[in-house]
Amino acid sequence: MANKISDETIDYVGILAKLELSAKEKEDAKADMEKMLDYIDTLNELDTSGIEPMSHVFPVNNVFREDVVTNGNQMKDTLANAPQRSGDSFKVPKTIG
Amino acid sequence: MDILGLSAVELGKKIKAKEISVTDATKAVLAQTASVEPHINSYVTIDEKGALAQAEEIQKKIDNGELVGPLAGVPAAVKDNMCIKGQLTTCGSKILSNFKPTYTAEAVLNLQKAGAVLIGKTNMDEFAMGSTTETSYYGPTMNPHNMRHVPGGSSGGSCAAVAAQECYYSLGSDTGGSIRQPSSFCGVVGMKPTYGTVSRYGLVAYGSSLDQIGPVTKNVTDCAAVLQTIASYDSKDSTSVKREDYDFMRALTEDVRGLRIGIPKDYFTEGLDREVADAIYAAAKVLKEQGAVVETFDLSLVQYAIPAYYVIASAEASSNLERFDGVKYGYRTAEYEGLHNMYKKTRSEGFGAEVKRRIMLGSFVLSSGYYDAYYLKALRTKALIKAAFDKAFESYDIILAPAAPTTAPELGKSLSDPMKMYLSDIYTVSVNLAGLPGISIPVGRAKNGLPIGMQMIGNSFQEKTLLRAAYTYECATGGCYEQPAHIPAADLAGKEA
């Protein structure tokens, strides 16, 4: 079974992935994804009806704790990594018109 | 004295006995990095000044009896996807080229508490996505045993650094074989512990349900010592497991009598290099001579592990890597129009081709309309693979397998055909899907001089069984680690890589 990725699909995936692809990157991505999906489709040979999807191999439970700050105020260190800042805030392009 | 030729535990003993100072050992390692790095490129960052300062401080703590563990004063390296406070942590990516974490990963903190001298951060495939360390933004790492070949990946820098004696041991991370495969290619010992054994707090996430930090060492004793040091229950990692027993060094006994070892017939089929197969059968014979019961069996489902793995790992990666958006840390594109354009341009410029490929695949398999067919199908396959292992472990204590189908490929030969590169993970990815512990130990060399590794897979929480079998093999054969023929660096100085 050969998968075919349309231009619309690759554009949609680009939006989901927040990636801007050049025309060539788009064509490469389509070819790569078609090849991978053809391969992934071999999973359809397996009968998995009645099998529960397993997200973790061990039982995972929520771990609750009191909401108490233990690491102190790290504002200065955290902001030191900001690509752009304005005073004590991260600076981003205008988001609301 | 050949300081660099010592193992980590041997060096620790000599430091304790005051035969070697921590500073001398650190200087020896730094001198080695200075001459080897232009040819091998194991490190993204070498913290020379910091290492010497740590050495002095640790020496004081050893002298006053504060630090008494086997690794106190021993120089080590950490894969560049583990956070160290204030130290560049790049994940091999442009997008984190300027990122200095505000905290230290729990596993690294455990090393620091044990008196490790941290030399620097090792090179890796970008965000641990790759099998050759060639997708790093900081250039490829070369295999110390033959510099025209890759060291494997994604923990290629960690493994090459240990092999080339640029540190005594290192930490790697393993999502689909990223410790075991490069260990096999570089002739060192590498272990992926049972999922949940080592805290993932401060490990930059790739596939969270698969990622696990583990040791890369020269021998099995060091492997046990490092595992014992880094393993801990950590409330900051919600998947951390509280284990009853962390005393892994007690497993270092020469005894495999009655140990049941199964070799999956379906691993020894076409695609596996003849020399690799022969080396593993020879190693199995050694264990048999020591009293183990060795049989072949059908594991089943082997061909479905890779497609299931790439769906799950890519899905988790697409979600985990959403945080890299140019707002709070890391690279931000120079020119943009509005927020969304800034996100897109930042990520498109900041990520390399392999990372983009996996983010796209992951976004696709999680998108509505495809989620059931791909993502849930892969999770169901994972359940079947886990069940196949459960069944195998009813009959066997250890599953013996190759770590990779071949020895290390030549540089520049893998990235043009990603599918082929993915297929080389066939013996390692299922271990991550099932959360099991696995170890790779050197068992010989191919005619081309490159090391061959053997993988042993244990049931959940049975690291001690693996360590005991690996130690017995090592004792019976007179040791695993061999210094690369072209190292020490004196042979290299002045030559072009």
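Biologist: By class, how does the lining of the largest pocket divide?

Modeller: In this predicted model, the largest pocket is lined by 32 residues. Sorted by class, the lining of the largest pocket comprises seven charged, 11 polar and 14 nonpolar residues.

Biologist: Which residues of that lining lie nearest the centre of the largest pocket?

Modeller: The largest pocket has a volume of about 710 Å³. Nearest its centre are B:Gly271, B:Pro405, B:Lys420, B:Leu423 and B:Ser424.

Biologist: What is the volume of the second largest pocket?

Modeller: The second largest pocket is lined by 21 residues, with B:Cys83, B:Phe99, B:Tyr103, B:Arg323 and B:Tyr329 closest to its centre. By class, that lining has 11 nonpolar, seven polar and three charged residues. The volume of the second largest pocket is about 480 Å³.

Biologist: Turning to the interface, what area is buried between chain A and chain B?

Modeller: The size of an interface is often expressed as the accessible area lost when the parts come together. Here 54 residues of chain A are in contact with 66 residues of chain B. Carbon and sulfur atoms give 69% of the buried area, which is about 5200 Å².

Biologist: Which residues in chain A lose the most area to chain B?

Modeller: Three residues are to be named, and together they account for 13% of what the chain A side buries. They are A:Lys18, A:Phe58 and A:Asn81.

Biologist: How far apart are the closest N and O atoms of the salt bridge between A:Glu25 and B:Lys356?

Modeller: Four salt bridges are found across the interface of chain A and chain B. A:Glu25 and B:Lys356 qualify as such a pair because the cut-off for a side-chain nitrogen and a carboxyl oxygen is 4 Å. Their closest N and O atoms are separated by 3.1 Å.

Biologist: Which helix gives the most residues to the side of chain A that touches chain B?

Modeller: Across the interface there are 15 residue pairs in polar contact. On the side of chain A that touches chain B, helix H1 (7-17), helix H2 (23-40) and helix H3 (75-80) each supply at least two residues. With nine residues, the helix that gives the most is H2(A).

Notes:
Residues numbered from 1 in each chain as written. Chains lettered and ligands numbered in written order. Predicted model: local features only at pLDDT ≥ 70, side-chain atom pairs only at ≥ 80, totals over all residues. Heavy atoms only, no water. Contact = heavy atoms within 4.5 Å. Buried area = accessible area lost by both parts, 1.4 Å probe. Polar contact = N/O pair within 3.5 Å; in protein donor to acceptor, adjacent residues only side chain to side chain. Helix = DSSP H or I, 4+ residues; strand = E, 2+ residues; numbered from the N terminus. 1 Å grid on protein atoms, 1.4 Å probe; cavity = no way out; pocket = protein on both sides within 12 Å on 5 of 7 lines; lining within 4 Å. Points joined across faces, edges and corners; volume = space filled by probe spheres on them. Nonpolar A, V, L, I, M, F, W, Y, C, P; charged D, E, K, R; others polar.
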